[in-house]
Amino acid sequence: MQPRAFTVRAVRRHTADTATLTLEAVDRVPLPFAPGQFTMIGRPGLAEVPISISGDPAEPGHLEQTVRSVGDATAALVAARPGDRLLVRGPYGTGWAVPDAVGGDLVIVAGGIGLAPLRPALLQILRRRAMYRRVVLVYGSRTPDQLLFRAQLDRWRELVDVTVTVDAATPGWRGSVGLVTGLLPAELDPGRTRALVCGPEVMMRLTAEAMMARGLGADRIEISMERDMKCGIGLCGHCQLRELFVCMDGPVLGYDRVRPLLTVRGL
Amino acid sequence: MAVPRELLAEHPLFVGLNDEVLSVTADCAVDVRAGADEIVFRTGDPADRCYLVLRGRIALDLVAEGGERLVVDTVDDGGVVGLAWLVPPYRWYLDARAVEPTSAIAVDAVRLRALWDQHPGLGYVMLRRLVAAMYERMQSARVRLLDVYGRHT
């Protein structure tokens, strides 16, 4: 697929190394996507990187992508300014099975920048809130000043249960301190609950195991995997996880498929 | 005044336990409340109570130089505050502070330890539950040491 040119319309800086870019296609053609999908995005002349779409799927004319600076390519994206041109391919990959949760309960667990790939799912759920029973968001971050979308978290509290926790508090913090696993609902309805989990792999694995300890089947837990992706279309093999290509079979995968692979050395 | 057995039975630490355990423990317990920012216990105080949070949030603070409070952990609804009452010299090594209005059951640890000495079977049942709570707290501390959010994949 050929890259499309997008213009940066706005930059929201969450922290020193993380920003959400709002982009508009130069040709004004919207980019529809499913919550959980990603694009390959980069500055002209620089490497492209896989970045999850973090915006509202009901507004495909404005593409939002949340980037954390971890290298040269992502640093260049985080440093973008309104008016800059970026190249985008996609969307690629699988999305969260939000429609499968209609009529049931949802437990959404985000860690760090993992909230970004879950945000489109949350926005979709909030638009149709009455179609779901209990919806819980548990969000963990390293410190309070690294929380993303803080203002939205307060608005989301009006419609869903939101609990935020940090690994290390700063002066004045009155929220929870500890792991997200310590804040999961004590009791679940296993037959009517689905879990969506995104964050560091250790966090996703511990969360999924904690959900299973509460009776939830691995097939009702989805996680968003991250691997070194180069092509995004299943050709280069960089993101391969045994028989799975994270760029095509994922990034959203059922925990039942990926659980045996997460602790294999070298994968 | 002792707390009703039924109130104790609702706390996750006591769910499913038999009437004997509930009765013996309820007799050693009282209902307590703390307002926002109220100190529940201080570092160095005798660890003579076990607190079972019913509703609210307790912060466990390490008091550093200049009196700065460093929150090392929080305990919410259904949690257990205070484990130093199990280990000599039975002194708190952290402050406990209610972050918001909090209600809890405070169990007299001195009476409880004496009862368990007389009836080890009771103690064994409760210690298994308490060890599970300690284990979870230890795992949480270990994982937080990894700083998973700070690592780049």
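**Figure 1. Strand 3 and strand 6 of chain B run side by side in this predicted model.** Strand 3, residues 49-55, joins strand 6 of chain B in the antiparallel sense, and the pairing rests on two bridges. Look for Y51(B) here: facing this residue in strand 6 of chain B is V81(B).

**Figure 2. Four strands of chain B make an open sheet.** In which order do the four strands of this sheet lie? Reading across, the order is 1-8-3-6, with antiparallel pairing. Strand 1 (29-34) and strand 6 (80-81) of chain B are found at the edges; each has a single partner strand, so one side of each has no neighbour in the sheet. Helix 3 of chain B, residues 109-118, packs on this sheet and touches strand 3 and strand 8 (102-108) of chain B. The directions of helix 3 and strand 8 of chain B make an angle of about 45 degrees.

**Figure 3. Chain A holds six helices and 15 strands.** Its radius of gyration is 18 Å, close to the 18 Å that the globule rule gives for 267 residues, so chain A is as compact as a globular protein of that length. The C-alpha trace of chain A spans about 50 × 45 × 35 Å along its principal axes. Among the 267 residues of chain A, 44% count as buried. If we take the contacts in chain A with a separation of 6 or more, 70% of them link residues 24 or more positions apart.

**Figure 4. Chain A is divided into two parts, domain 1 (4-92) and domain 2 (99-217).** How many Å separate the centres of domain 1 and domain 2 of chain A? Taken over C-alpha atoms, the separation is 24 Å. Where the domains meet, 14 residues of domain 1 of chain A are in contact with 12 residues of domain 2 of chain A.

**Figure 5. The largest nonpolar core has 69 residues.** Which residues touch the most other members of this core? They are I108(A), V197(A) and I223(A). Helix 2 of chain A, residues 115-127, supplies the largest share of the core, with six residues. Domain 1 (4-92) and domain 2 (99-217) of chain A each give at least three residues to this core. Zoom in on I223(A), and you will find that the residues it touches include V197(A), C198(A), M204(A) and L253(A). A second, separate core has 36 residues, among them C28(B), C50(B), V53(B) and W92(B).

Notes. Residues numbered from 1 in each chain as written. Chains lettered and ligands numbered in written order. Predicted model: local features only at pLDDT ≥ 70, side-chain atom pairs only at ≥ 80, totals over all residues. Pairing = 2+ DSSP bridges. Contact = placed C-beta atoms within 7 Å. Axes fitted to C-alpha atoms, helices over the stretch in contact; angles between N-to-C directions. Rg over C-alpha atoms; globule rule 2.2 N^0.38 Å. Buried ≥ 20, exposed ≤ 12 C-beta atoms within 10 Å, placed from the backbone. Core = buried A, V, L, I, M, F, W, Y, C linked by C-beta atoms within 7 Å. Domains from an automatic or database assignment. Lists of a residue's contacts leave out its neighbours within four places in sequence.
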